[in-house]
Amino acid sequence: MAYDPTTHRPLTFHDAVPGFLAGRDTPRDYLERCLATIEAREPEVQAWMALNIEGARAAADAATARYRAGQAIGPVDGMPIGIKDILQTHDMPTSLGIAGNEGARARQDSASVWALREAGAVILGKTVTTELGGAHPSKSRNPFDVRRTAGGSSSGSGAAVGAGMVPAALGTQVVGSIIRPAAFSANVAIKPSFGALHRGERQGLSQSCLGVHAGAVEDMWHVAAEIAARAGGDPGHPGLGGTLAPPAPRRPGRLIVLESEGWAATEAPTREAFEALLEQLADDGVVLLRRADDRLIDAFERSIAESVTMSMGLVAFENRWGQANLLRLFPDSLSDTTLAQMKHATAMTVSDYRDLLARRAEARLRQATLAPLADGIITLSCTGPAPLLEEIVHRPTGRTGNTAFNAWTSLLGCPAVTLPLLGVAGMPVGVQVVGQPGQDEAVVGMARWLGEVARPVNR
């Protein structure tokens, strides 16, 4: 199924709601269409770890009754949603992507899942994740070419939305786990500011966050805003700002075109497509700044030049006690990839960790100096189309794709939104808009403007 960004039509929900209100459609009928797509595409895409079809139908019927009575709860009432299988649900297993752990049940909902149920959403199932949300590949396949990876670690969430199985799904990111799989599968997605959405039980990593995959910016924002309105942000954080309504399109006057460490690894057709998109913005009067135009931009680029290595080191050290416990529980089940990460973590010292924290703090200060220069940052979401599985199966790292365009936003804790604006060799490639920490609403507004104004580029 070749991807063409000029003709692709994702599954959306916000535009179905008027039909619910008018009685022309119902949440139950919408769910049944989703289930039909899952039945047709799941055997090859493999986006789901578990489905709760009976529970979803009951929730959709309840939403249908509310719409008929004129008592719909809000914009996600009746929306089928997938939950990454690293977040707890009381009615389905939470396997964490560990082989042999498929039946593990927490018997409680994560904060985000609880909030979405309160908002009337239909929690349809658990989407596949990589082992422990790490670098070892999952079984999920790219919905536009099943010979290719769906990315990681939110592989199932990205693939489920890209295949039109659900209009939205939850993901998490510590290095590149929301934005990259979203870019590979033609999703829009938000990796919000650190702490903006309550992670529930997943509080142990200093740069992880909860985010949303969707077919449309409106649905993405509605899901995020409903979580924020009920569960808030992480403990000690004010949470996602803004209103429940999606931010209005916001035209940026100046944007920084960031290379990061991903530029050197970017394939030529992807560079050409991205430059063609930038030409459109320049023709529209948006001022584009690069590292050669200002020493502050260059200094920032240098501060994030090793963001992948820095992020992986921070994650390894912060994970090591938890993974040691998992090794005790699953001595014969963990992958070689995870075992290698554990070995790296064991070799680290507290001094190593403190050095990484200092370097991260410097990079965050460097980003703050850019605030007076531009409204935000624009860059690629990935180095090119999703890699072929046969090309990456023997790699020791990067087996779900290159994280170089993603790690720095995780390192900085700043908001990023990816849009499926490029098609390269029949596959999706994302473009992301990034802002200062806490500017989630402004970033979504700029992304919405970009999605409405820019003509998708197909190479």
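I shall speak about a strand, a threonine and a pocket in this predicted model.

Let me begin with strand 6, which spans residues 168-173. Six of its six residues are buried. In a regular strand, side chains alternate between the two faces of the sheet. Here both faces are covered: Ala 168, Leu 170 and Thr 172 are buried on one side, and Ala 169, Gly 171 and Gln 173 on the other.

Which strands pair with strand 6? Strand 2, residues 80-84, pairs with it in the parallel sense over three bridges, and Ala 168 is the bridge partner of Ile 81. Strand 8, residues 209-214, pairs with strand 6 in the antiparallel sense over six bridges; there, Leu 210 is the bridge partner of Thr 172.

Thr 409 lies in helix 14, residues 407-412. Is Thr 409 buried or exposed? Its relative accessibility is 0%, so Thr 409 counts as buried. Its side chain reaches the backbone oxygen of Asn 406 at 2.9 Å.

Finally, the second largest pocket has a volume of about 520 Å³. Its lining comprises 24 residues, with Pro 10, Val 188, Gly 215, Pro 420 and Gly 451 nearest the centre. Helix 7, strand 12 and helix 15 each supply at least two lining residues; helix 15 gives the largest share, four residues. By type, the lining divides into 13 nonpolar, seven polar and four charged residues.

Technical notes
Residues are numbered from 1 along each chain as its sequence is written. This is a predicted model: local features need pLDDT of at least 70, side-chain atom pairs count only at pLDDT 80 or more; totals for chains, interfaces and linings use all residues. Side-chain values use heavy atoms; hydrogens and water are left out. Buried means under 20% relative accessible area, exposed over 50%, partly exposed in between (1.4 Å probe, protein chains only). A polar contact is a pair of N or O atoms within 3.5 Å; within protein, one must be able to donate a hydrogen and the other to accept it, and residues adjacent in sequence count only if both atoms are side-chain atoms. On a 1 Å grid over the protein atoms alone, a cavity is a set of points where a 1.4 Å probe fits but cannot get out, and a pocket is an open set with protein on both sides within 12 Å along at least five of seven lines; lining residues have an atom within 4 Å of a point. Grid points are joined across faces, edges and corners, and a volume is the space filled by probe spheres set on the points. Ala, Val, Leu, Ile, Met, Phe, Trp, Tyr, Cys and Pro count as nonpolar, Asp, Glu, Lys and Arg as charged, and the others, Gly among them, as polar. Two strands pair if DSSP finds at least two bridges between them.
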